[in-house]
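Welcome! Take a look at the structure below, and then follow the briefing topic by topic.

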Amino acid sequence: MCRLARLSLVLAAFSLSACAADAAGKNDSAGEITITEFNAPVVQPSGYFGYGQDASVEEIAGWDIDIRPDGVGLPPGGATAEDGEMLYEDQCALCHGSFGEGVGRYPVLAGGEGTLSEDRPEKTIGSYWPYASTVWDYIHRAMPFLQPESLSDQEVYALTAYVLYLNDLVEYDFKLTQDNLALIEMPNKDGFFLDDRPDTSNEACMSNCKDPASIRITSAPPATEEVDSDVVEASVAEAASGQSTYEQACALCHASGVGDAPIPGDASTWAARIDAGREALIANALAGKGQMPPKGGQIQLSDEDVIAAVDYMLEVTAN
Amino acid sequence: MASKTATTAQMLQRISDEGQKLPQAERRNFLKNGLLLAGSAMTGGAISGKVNAAEENLPPNVPAWTRSLGQGVLTNPYGKPSRFEGNIQRRAVPWLTADRFASISFTPLAELDGIITPSSLVFERYHSGIPDIDPDDHRLMIHGMVDRPVILTIDDLRRFPSTSMIRFLECPANGGMEWRAAQMDTLQFTHGMLSCCEWTGVLLSTILQEVGLQKDAAWVLAEGADGSHMSRSIPLDKAMDDALVVYAQNGEPLRPEQGYPIRLFNPGWEGNTSVKWLRRLEVGDKAWYQREETSKYTDLLADGRARKFSYLQECNSVVTFPCPEKPLQDKGRYEVAGLAWSGTGKIKRVDVSFDGGVNWRPARLKGLVLPKALTRFGLDWDWDGSPAMIQSRAVDETGYVQPTFTQLRAARGMSSIYHRNAIHTWRLHADGKVTNVQIS
């Protein structure tokens, strides 16, 4: 028994090569040590450590948000697509488009039926997702993008119904409830199978493995342009904290103008706001207004950072 | 005496400061090269820069830093790399994602040696940005089909017996942009969703054993405390094998980017299952079919069917020198270097080809060869200045041989996105430059 080999594996490797050979692995050759496993602690009976607090029913209820395909986890409630239409326009269409077509690179929610085996498959809720429960779970869990967990259960039912309606999976006036959500059959529910890899079988051939004449370059990335260092230097020199905060925290909406966000450099979107004055703009940026949550949802930013970003946007617009 | 001591200290500091100002020539070169590289990253191509040595620092002259006092202790209390290494950065591909909050950045593999990725350079992947978590206010809830539902603090977790393991972390989308054609022009972007750290924490099996599993328990849902509440269903077999609830990486507390204060880590499995900012583990008898295991992280095949719960990162490898960021400077003898890894266990061998896969030579495995960890390989090679097609091919301890692109596409089509582990080809040009190509 090499007692020391129970120390951390790095220690074993470097200082105990003799032990490593019999207890932790084997020496293939000088300087190359192989070690098989981490050293797991001894298994103890349940309750051996006794750490932590018992989780109460109320505490669990506050965090237990997952919904299973069989409907387990759904809260009481129900709503129709009609109930969700205005809410969708207000909360979702910014990124996902009025018809679930997706804006920019944000996810497409609807359409794509029958495209999965085509050259450019479109994987949407209707064409790809196997279970409707995942729609409810995900909207409740992670949406809206800037303010997750801000929707009520009723609103989540309404949005789920509306998104299913956009995919022609329920009628406009169908009331989606905790009792019938699990019964909705998604078109691609049988489209998935368990991992069965390996699905390739190569051989470690060493010589004359293929005909050299058969080798052709089938693709290469587009040629990279030479960089003008003067231009780069200038742009780096100009980078100020207001700009970096803007790019990190604000550009998500302000660069494209989604949700009526004024676009830096586009004076027409700023006119009324500039009239209100810098102080009012800063107050709105800090406290939030309309679609914009406080500090644009980046609550870790200092007030100074946010103010610098506002000034940056104003400066870009003024110039 | 006290004032005299202070004066001496101040004088030394001044001398030190003066000393730092001396090598102006290098500083200018550094700035120039650093900016050039930062710029080339923006446009997608980082070409390695060579800092020209200043004559006055070379023998027989004695460089300025040898004739002056350096900076004292605590100049950088948490440390930082040499200012001459400003080119070593995580980088992103702007067109890849809609925004910076559900996005990814890449590890600069070409700049790294050995098998450990510095914490600062581990690739980033967020679905709702990095939450700013006070560890005193963070809790891990364990409930569901357990005898004792429990809420643990970070201090509670740190009281359990700890385990450390060196394991790779790889996003299953690593190389995913290359399914249809060679598209990225650097190693950082073709393979940089890959890192390897020493991870320290509590085995999930220890925690589950402690709270007591009920009959029929078969799955564990892991959920994060970020805005996306990232969630994945983990089979109980994995949870009871080598899954780790991690609070430290490379000896220091987890970085916020990596899940501070705690994350799950599933060795050998796709990175997405290693849920960061872990807040909740629920034990159940069925899988939850979360968005990240249905809509995403499923592998669509050519016939329209999709593989689900495809957790494993199969055997893979890539040559890291030479590569587009590290071209060859001249003819002569080189050690070609690379990385190999496999989610099933240890790397058994790596072969390297210089003629596009016609003939292969075995490489040396170097340093530690650990299961489910990056493994460094090397091979001496005399470059005669001819163009070459450089490839590496890894074999793991199960005997699985890394596939060719042709084989992988034949099995899966072009739209799988994830788990692209095909043999990679670098085209070495006669001038020493290296570009990314795919070949038949």
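The contact between the chains takes 101 residues from chain B and 83 residues from chain A, where two residues are in contact if their C-beta atoms, placed from the backbone, lie within 7 Å. This is a predicted model, in which local features need pLDDT of at least 70 and side-chain atom pairs count only at pLDDT 80 or more, while totals for chains, interfaces and linings use all residues. Residues are numbered from 1 along each chain as its sequence is written, and chains are lettered from A and ligands numbered from 1 in the order in which they are written.

**Where the chains meet**

- Helix α2 (residues 24-43) of chain B gives the largest share of the side of chain B that touches chain A, with 7 residues; helices (H or I, at least four residues) and strands (E, at least two) are DSSP runs, numbered from the N terminus.
- That side of chain B has 42 nonpolar, 35 polar and 24 charged residues. Here Ala, Val, Leu, Ile, Met, Phe, Trp, Tyr, Cys and Pro count as nonpolar, Asp, Glu, Lys and Arg as charged, and the others, Gly among them, as polar.
- Strand β7 (residues 217-219) of chain A and strand β23 (residues 434-439) of chain B run antiparallel and are joined by 2 bridges; two strands pair if DSSP finds at least two bridges between them.
- Within this pairing, A:I217 has B:I439 as its bridge partner.

**A sheet that uses both chains**

- An open sheet of 6 strands has the order β3(A)-β4(B)-β3(B)-β12(B)-β7(B)-β8(B), with mixed pairing.
- At its edges stand β3 (53-54) of chain A and β8 (231-235) of chain B, each with a single partner strand, so one side of each has no neighbour in the sheet.
- Inside chain B, strand β3 (residues 140-144) and strand β4 (residues 150-152) run antiparallel with 3 bridges, and B:I142 stands opposite B:V150.

- Why is strand β6 (residues 194-203) of chain B largely enclosed by the rest of the structure? Because 9 of its 10 residues are buried; a residue is buried if 20 or more other C-beta atoms lie within 10 Å of its own, exposed if 12 or fewer, and partly exposed in between, with C-beta atoms placed from the backbone.
- β5(B) is joined to β6(B) by 8 bridges, and the two run antiparallel; B:R167 stands opposite B:C197 there.
- β6(B) also runs antiparallel to strand β9 (residues 244-249) of chain B, with 5 bridges, and B:W199 stands opposite B:Q249.
- B:E170 sits in strand β5 (residues 163-170) of chain B and is buried, with 25 other C-beta atoms within 10 Å.
- Beyond its neighbours within four places in sequence, B:E170 is in contact with B:M193, B:L194, B:G271 and B:Q313.

**Helix α12 of chain A**

- In α12(A), the residues A:V306, A:A309, A:V310, A:Y312 and A:M313 are buried.
- They cover an arc of only 155° around the axis, so they lie on the same side of α12(A); the arc is that of the directions from the helix axis to the C-beta atoms.
- On the other side of α12(A), A:D303, A:E304 and A:A318 are exposed.
- The buried residues of α12(A) pack against α9 (241-254) and α11 (278-287) of chain A.

**How confident is the model?**

- Chain A averages a pLDDT of 84, and 83% of the residues score at least 70; pLDDT is the predictor's confidence in each residue, from 0 to 100.
- Over residues 1-35 of chain A, pLDDT stays under 50.
- Over residues 225-239 of chain A, pLDDT also stays under 50.
- Where pLDDT is low, the predicted coordinates should not be read in detail.
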